[in-house]
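This briefing sets out selected features of one protein model for computational work. The sequence and structure come first, followed by notes grouped by topic.

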Amino acid sequence: MRICSKCVLPETYPETSFDDNGVCNFCRSFRPFRPEPQAHLEKALKKARREAKGQYEVLVPFSGGKDSSYVLYLAAKVYKLKILSYTYDNGLLTPPSLDNIRAVTQTLGVDHLFFKPSAPLLMRLYKAALVCSGEMCGPCGIGIVRSYRRVAMAYGIPVVLQGAVPMEEGSGSPESIYDCARFRAIMETSGGVTKDELESFFMFPIRSELAEFIMLRFGKLPREIPLLYYHPRKSEQEVRDLLVNETGWKDMSETNLSKHFDCLAEPFTNYVREKRLGYSRRTCQYSNLIRLGEMTREEAVRRLQEEKPDEEPPCTNQVLERLDVPRQALDGVLRVPPLAYEENCMRKSRVLSMARAAKRTLKRVLGK
Ligand SMILES: [Zn+2]
């Protein structure tokens, strides 16, 4: 298989093309990270302070992982905000991440609560998503957004500080796995979840994308701010060191629990992506780190060889048992073709993915 000569993206990655030197289009069009204007953030936070209806100004979704811990640290120590932190318990949180949640909220002196949907329902949602679409991360992403809106509205909090980071860009699936219409279609196909259960999971379903846009625009839904996009970037190692020294956070990323050690199923979902798509989250993250100048290509190649993403990880049986997926169904999961439910997406997702494809094609044509 052909692999970019600068990063480690393979030709199987969607919309990839290579120039005469074997360099991929993502490396060619890469621009170093530049933070959004700090003044915009200050303005938004000032508004949040004014609009807060209760004792909290911002809600910080907190998994105990590196990025959300860093957001919580910045919100508490740098911006000195009145914070409610909350954890969406997806039923698959690992003991190290629970330890980190306890340690960091205690050290920073931040209020914290868990939002835990019915665990048996979650497992059936994961099972249905995995067996039908080959991907179980969708229900979790959808549940997180729904629940942080719910929690923020319940406590009168106008702003949610998200933990999205430049390093993770493009490391998701090429499928619109967080699209609600697609999700509904999968659940209907599976037959394993009733309509009422699905509605209870959605909490307050907004069926039309226009309604959602209007609600966001007029402040009827909490405003979402990706805090780390406004902050000068620190390297992965600098963030780790800071968290270890300042918050009591423990770094578990070099253990077999892998980079996203907050979810028990992460090594398994990564393996399924490698098998189904020909690359995993890791390939994309390492490629981003190479472009950001934080990892050499040799190091990335060595790590991928060591990590063997196409070998079944030790947690597989445990995940299958939790989800009540029979072992013999795994072969079928690994063979679900990419983009199987893509035509079921909301119009918004379809337009966005078409726009992304058009942009890449244009870049390719213009030779950038
Ligand atoms: Zn590349």
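The points below cover the cores, helix packing, contacts and backbone of this model. The model is predicted: local features need pLDDT of at least 70, side-chain atom pairs count only at pLDDT 80 or more, and totals for chains, interfaces and linings use all residues. Residues are numbered from 1 along each chain as its sequence is written.

**Nonpolar cores**

- The largest nonpolar core has 34 residues, and Val58, Leu59, Val60, Leu72, Ala75 and Leu161 have the most contacts inside it. Such a core is a set of buried Ala, Val, Leu, Ile, Met, Phe, Trp, Tyr and Cys residues joined through C-beta atoms within 7 Å.
- Elements giving two or more residues to this core include helix H2 (38–51), strand E1 (58–61), helix H3 (66–78), helix H4 (95–108), strand E4 (159–162) and helix H10 (236–247). Helices (H or I, at least four residues) and strands (E, at least two) are DSSP runs, numbered from the N terminus.
- H3 supplies the largest share of this core, six residues.
- A second, separate core comprises 30 residues, among them Cys140, Phe183, Cys263 and Leu323.

**Packing of H3**

- The axes of H3 and H10 come within 10 Å and cross at roughly 60 degrees. Axes are lines fitted to C-alpha atoms, for helices over the stretch in contact, and angles run from 0 to 180 degrees between N-to-C directions.
- H3 and H10 are therefore oblique to each other; angles under 35 degrees count as roughly parallel, over 145 as roughly antiparallel, 65 to 115 as roughly perpendicular and the rest as oblique.
- On the H3 side, Lys66, Ser69, Tyr70 and Tyr73 meet Val239, Arg240, Leu243, Glu246 and Thr247 of H10. Two residues are in contact if their C-beta atoms, placed from the backbone, lie within 7 Å.
- The contact of H3 with H10 has four nonpolar, two polar and three charged residues. Ala, Val, Leu, Ile, Met, Phe, Trp, Tyr, Cys and Pro count as nonpolar, Asp, Glu, Lys and Arg as charged, and the others, Gly among them, as polar.
- H3 and H4 pack at an angle of about 10 degrees with axes 11 Å apart, which makes H3 roughly parallel to H4.
- Ser69, Leu72, Tyr73 and Ala76 of H3 form this contact with Asn100, Val104 and Leu108 of H4. Its residues divide into five nonpolar, two polar and no charged.

- Val159, in strand E4, is buried, with 24 other C-beta atoms within 10 Å. The class is buried at 20 or more such atoms, exposed at 12 or fewer, and partly exposed in between, with C-beta atoms placed from the backbone.
- Val159 and Glu57 are 102 residues apart along the chain, yet their C-alpha atoms are separated by 7.0 Å.
- Arg302, in helix H13 (residues 297–307), is exposed, with 11 other C-beta atoms within 10 Å.
- Arg302 lies 43 Å from Ala152, C-alpha to C-alpha, and 150 residues from it in sequence.

**Positive phi**

- Most residues other than glycine have a negative phi.
- Asp324 has a positive phi near 60 degrees and is found in the loop between helix H14 (316–323) and helix H15 (330–334).
- Leu339 has a positive phi of about 65 degrees and sits in the loop between H15 and helix H16 (347–365).
- Asp324 counts as exposed, whereas Leu339 is partly exposed.
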